[in-house]
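Morning, everyone. Let me put the model up, and then we'll take the protein interface and the DNA in turn.

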Protein chains: 2
Amino acid sequence: MSDDAAPMSLHTRTENVLRNRTPGNLTREERDVLESAISGTRVMRAGQIAVRQGREVDASTVLIEGLMTRHIDARDGRRHLVGIYLPGDFVDLHAYALKRLDHDVGALTDVTIGIVPHSALERIQTDYPHLTRRLWFLTLLDAAQHRQWVLRLASLNAIGRVAHFLCEMNARLAAIGRSDGERFDLPMTQVDIGEVCSLTNVHVSRVLRELRELGLCTMRASSVELHDVPRLAQLGNFDPHYLYLNDATARLAVSGKGSL
Amino acid sequence: MSDDAAPMSLHTRTENVLRNRTPGNLTREERDVLESAISGTRVMRAGQIAVRQGREVDASTVLIEGLMTRHIDARDGRRHLVGIYLPGDFVDLHAYALKRLDHDVGALTDVTIGIVPHSALERIQTDYPHLTRRLWFLTLLDAAQHRQWVLRLASLNAIGRVAHFLCEMNARLAAIGRSDGERFDLPMTQVDIGEVCSLTNVHVSRVLRELRELGLCTMRASSVELHDVPRLAQLGNFDPHYLYLNDATARLAVSGKGSL
DNA sequence: CGTGAATTTGAGAGCCATCAATCTAAGTGG
DNA sequence: CCACTTAGATTGATGGCTCTCAAATTCACG
């Protein structure tokens, strides 16, 4: 379960953790400590479930490469995403204190993950109060994103929801160097996007067509291009403050232009 | 700002914190420590804003009496609740690590709150690792509730949302001894409920009528009576596991009957 | 008893779901 | 090299849930 797929140079596994977030990147020492808390890495195929709802777990997962989801299967048989995670995100850090999750964690694409035993987190909690607070902060970031997802469903219509989601992905990907502020890869199907925005794939298709016809963005295969970030942000009522990005990244996220 | 409204006997201010939650109530010592972290109490009138979005804060708030909300004003002028809080809940504990909130915190009714300076939380974090973890757990409970609110909006129709919300309130109120499992006070207007469930007050009215006609529950003024908790829970796809209640309370929350 | 807030009811409209068929692209095997 | 397969995307027609607008009614309270 923990055979390293390929040797990784020191820090490459945690380089994206809290990268470009506002209280500043992790210090060198914090990176070392966190890195050494990873007992091993693991590769999973798209579609696999990493953690099942209700199952007791004794390790958390940091996503190194790929896309993962938190999702809940509703009674109607449909799957609903309540979170989506990028490289550098802890997908189930909250399992450390919760022990059992209230949702599933799955791989949306092929992924590489790092395993962080809760025993290692215990040691961090007793020995590194500052890093502990950064980890706590990470789970609070999650909560802030959840609140924004509530707001997205509550206050936006279909096109606004998709615009908001694309803006969020653009901002978060830019923070980890995977978007230049306007263009990025997003290996999601229209069904996936529907599960995020609570829309049918049929309607997602119509919305993407409208965004295309409005000249706001194009999405072909897994490649997204935002042609007018400011107007998209307005359409989706997107304000990146909830992501706690540093200033440069936040500016990029609403203008599409700038440098990191 | 911190004149105690009325003298309170020791522990009455924190008696509801984590009460009947699953890793067990706070220990006597933890209660003492937490109680002494409260620098004072404050009374606020219904409708007042306690913390404004984006404002930097250096203290958190524990709700002692009354109802508070986390809400975000959308561009369309409508207010959307992203959380609702009961006595014993920390309404903005996350401000300790976040410093600036991504939402407003307001009083839904007249409330009494306890002020917990972040300096006191710092001391707890360095001196009481176990209590720190319980506090972390509290913020994770918030996140779990947020996820369920996402799911409520994403997967349920109007009547299901209201049913789910009433079940949640019943469960959480039962945990703090404010519901007998079927009957409780809930001083909210239909506009308020609409802001929770993302419905117009007009439609909330229709939904409550339908619930009444189905014999599932009646809500008059601020008093709620659930006539058939199991059917309500089914209608709202309500499963209280996300609240991490202890077993007795969880059973009560889906059956309406039982004792704590 | 008057006043304003909250609730209730009705009529009409719009957004998005549902159902169904078609189309495209990529991969597979003969 | 092409028929076949399959997942994903697209388009059209229809319907339902909930919003909007408007008016009436009830309730709390001074």
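**Chain A against chain B**

Chain A puts 47 residues into the contact, and chain B puts in 47 residues; contact means heavy atoms within 4.5 Å. Ground rules: this is a predicted model, where local features need pLDDT of at least 70, side-chain atom pairs count only at pLDDT 80 or more, and totals for chains, interfaces and linings use all residues. Residues are numbered from 1 along each chain as its sequence is written, chains are lettered from A and ligands numbered from 1 in the order in which they are written, and side-chain values use heavy atoms, with hydrogens and water left out.

Now the area. About 4,400 Å² is buried between chain A and chain B, with 64% from carbon and sulfur atoms. Buried area is the accessible area (1.4 Å probe) that two parts lose on being put together, summed over both.

Next, charges. The interface of chain A and chain B holds 4 salt bridges (a side-chain nitrogen of Lys or Arg within 4 Å of a carboxyl oxygen of Asp or Glu). In one of them, R147(B) pairs with D102(A), with the closest N and O atoms 2.9 Å apart.

**DNA strand D**

A base oxygen lies 3.2 Å from a polar side-chain atom of R206(A).

Technical notes: Polar contact = N/O pair within 3.5 Å; in protein donor to acceptor, adjacent residues only side chain to side chain.
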